[in-house]
Amino acid sequence: MYFYKNEFMNKADIQLSPDDRGYYFGDGIYEVFRVYQGKLYEQDAHMQRLQRTASEVRLTLPFTIEKIGQILTELVAKNKLIDGTVYLQITRGEAPRAHPFPTQAEPIMLAYCTEVPRPTATIHNGIKAITFADIRWLRCDLKTLNLLPNVMAKQAALDNNVQEVVLHREGTVTECSASNLMIIKDGVLYTHPANHLILHGITRAVVLRLARGLEMPVKEEAFTTEQLMAADEAFISGTTVEITPILEVDGRTIGAGTPGAHTRKLQEEFVRTFS
Ligand code: PDD
């Protein structure tokens with residue numbers, strides 16, 4: 001069961017218009033929520049980010065945040081979803097193709113659930129990555145539909161037989177294709193500051209909170225690809241990947257080449273936030 005425009009309906013009954021500005025311009029915003037044990041994880045944080053993105057791109061949400069929350073909760077219940085994700089997208093509506101904001105169009109909301117098990121194998125074993133130029137725009141803090149650079153980056157990873165890309169702007173690491181990146185050096189956790197160059201990940205915020213709770217020093221400071229290579233530990237954080245260790249970048253081993261003790265501790269604490 002999907003939600004589209006104003007109602008719950010079967011996917012097959014959704015009639016999408018080619019005039020949806022999501023198609024023409026990527027003129028829309030989205031969120032991906034994790035569902036653990038039938039409940040939306042960090043719902044308020046996702047809703048706040050949705051509201052912020054909507055306001056920054058001057059898109060009026062079709063419903064109040066409370067109503068959107070109710071719709072998503074109902075969607076999860078109707079689909080009997082226990083472990084998985086909810087995708088929520090809101091575009092600026094349907095109008096003949098023209099760049100200015102349409103005066104008549106109503107924003108269009110789409111939401112659906114997917115059953116997805118936790119990626120326990122990669123969480124346990126870690127993944128490899130390559131570095132890749134971050135060619136995105138200067139508002140990466142907004143969760144908009146314009147994901148072509150992310151798609152290109154992720155495909156480059158797969159073409160190189162690794163699972164992820166580490167994006168960098170002239171050697172300064174920003175984040176990954178659909179996750180944030182953190183490193184640990186001499187017991188200190190470093191991650192790019194939450195500015196316009198990265199998405200302010202909900203999982204990133206949870207991890208920083210957990211690290212502070214463990215009295216692990218946290219520095220929201222940018223680091224270079226060379227500092228990444230010289231780190232003791234590295235991992236990515238995100239709704240779909242949770243905390244996944246990075247063991248190798250561009251063929252160079254990070255730390256001992258196995259998931260590190262700090263990463264393991266944060267993973268343990270992370271599981272406690274939803275179980
Ligand atoms: N991506 N950075 C980017 C570029 C992202 O697209 C995402 C999430 C993150 C992690 O954010 P969070 O912890 O809030 O999931 C960081 C989602 C899952 C996606 O596009 O599928």
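At what angle do helix H6 and helix H8 pack, and how far apart are their axes? I noted first that this is a predicted model. Then I looked up the pair. H6 covers residues 202-213 and H8 covers residues 261-272. They pack at an angle of about 110 degrees. Their axes are 10 Å apart. Angles of 65 to 115 degrees count as roughly perpendicular, so H6 is roughly perpendicular to H8. I also checked the handedness: the crossing of H6 and H8 is right-handed.

Next entry: the residues in this contact. From H6 I listed Val206, Val207, Leu210 and Ala211. From H8 I listed Leu266, Glu269 and Phe270. I sorted them by class. The contact of H6 with H8 has six nonpolar residues, one charged residue and no polar ones.

Next entry: the domains. I found the protein divided into domain 1, residues 2-115, and domain 2, residues 120-272. Their C-alpha centres lie 27 Å apart.

How many residues of domain 1 are in contact with domain 2? I found 18, and they meet eleven residues of domain 2. I then asked which elements of domain 1 give two or more residues to this side. They are strand S3 (28-36), helix H2 (43-56) and strand S5 (84-91). S3 gives the most, with seven residues.

Last entry: classes again. The side of domain 1 that touches domain 2 has six nonpolar, seven polar and five charged residues. I put this beside my note on H6 and H8, where the contact has no polar residues.

Terms used. Residues numbered from 1 in each chain as written. Predicted model: local features only at pLDDT ≥ 70, side-chain atom pairs only at ≥ 80, totals over all residues. Axes fitted to C-alpha atoms, helices over the stretch in contact; angles between N-to-C directions. Helix = DSSP H or I, 4+ residues; strand = E, 2+ residues; numbered from the N terminus. Parallel < 35°, antiparallel > 145°, perpendicular 65-115°, else oblique. Left-handed = near helix turned anticlockwise from the far one by under 90°. Contact = placed C-beta atoms within 7 Å. Nonpolar A, V, L, I, M, F, W, Y, C, P; charged D, E, K, R; others polar. Domains from an automatic or database assignment.
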